[in-house]
Amino acid sequence: MQDQRDAEILPVRQNQVLPPPLRASAIRLHFCDVGPAIPVLQPSEYHDVVTCTYEWRGEFENSEITALHSDAFESRVDVANETNWRSLLAQHSLGWVTARVGDLLLGFVNVIWDGQTHAWIQDVMVNPVSRNLGIGSQLVATAAEFSREAGCEWLHVDFEERLGGFYFDACGFTPTTAGLIRLQ
Ligand SMILES: CC(C)(COP(=O)(O)OP(=O)(O)OC[C@H]1O[C@@H](n2cnc3c(N)ncnc32)[C@H](O)[C@@H]1OP(=O)(O)O)[C@@H](O)C(=O)NCCC(=O)NCCS
């Protein structure tokens, strides 16, 4: 984990704004070798210079979600069967949350629901270059806030055991029993 954190150090100056929009996967953060004028920032300092904006039902392009999904889940993009996220979310979601630094989409979560009091989070994803900076847990907190505002009483999630630290400790979910049937 520490190695990953170290690799996420951004060579930015105090108050420097991030460069204009780039596809997330195009960004590679390097160990800083640009001389003493530009300090190497630790992740704890990152928030002081880079503001991440979380938006409920924020605008997005299909290609942005596709790229983020591919980067986050390390899956290949199948151009022929690319998901139409805009249509999918418009039809089936209570909402979603986007996390952006400038115009760059770094995180996303989809919130689906039963039309009444239950909402579920799906596809929580943060670009690998910006993990462990609090973006994932803030995405979930924003989803919870707006789901509550929409009248929902319960927010559900299911996940692999290895993500218990994220969902239980960082996001505040409590353990429950749940079941699953593989249909296809
Ligand atoms: C899971 C994920 C969304 C977390 O996003 P993130 O922005 O890195 O999360 P945060 O920075 O808010 O993490 C908060 C805490 O959760 C824990 N955590 C984060 N990712 C974790 C992981 N993959 N496994 C276990 N714990 C994790 C960390 O301990 C962290 O606490 P710390 O800052 O004190 O170390 C991100 O790793 C991701 O996109 N993974 C790939 C897609 C995925 O698996 N999504 C979940 C589908 S159910």
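Of the 18 residues around the ligand, Arg131, Gly136, Ser137, Gly165 and Ala170 come nearest; a residue counts as near if its C-beta atom, placed from the backbone, lies within 6 Å of the molecule. H3, S4, H5 and helix H6 (164–170) each give two or more residues to this shell. By class, the shell has eleven nonpolar, five polar and two charged residues. Here Ala, Val, Leu, Ile, Met, Phe, Trp, Tyr, Cys and Pro count as nonpolar, Asp, Glu, Lys and Arg as charged, and the others, Gly among them, as polar.

The model is predicted: local features need pLDDT of at least 70 and side-chain atom pairs count only at pLDDT 80 or more, while totals for chains, interfaces and linings use all residues. Residues are numbered from 1 along each chain as its sequence is written.

Helices (H or I, at least four residues) and strands (E, at least two) are DSSP runs, numbered from the N terminus. Five strands form an open sheet with mixed pairing, in the order S1-S2-S3-S4-S5; two strands pair if DSSP finds at least two bridges between them. Strand S1 (52–56) and strand S5 (154–156) are the edge strands, each pairing on one side only. S5 pairs with strand S4 (residues 118–126) in the parallel sense over three bridges, and histidine 156 in S5 is the bridge partner of tryptophan 120.

Two helices contact the sheet, as listed below. Contact means C-beta atoms, placed from the backbone, within 7 Å. Axes are lines fitted to C-alpha atoms, for helices over the stretch in contact, and angles run from 0 to 180 degrees between N-to-C directions.

| H3 (residues 62–73) | S3 (104–113), S4 | about 75° with S4 |
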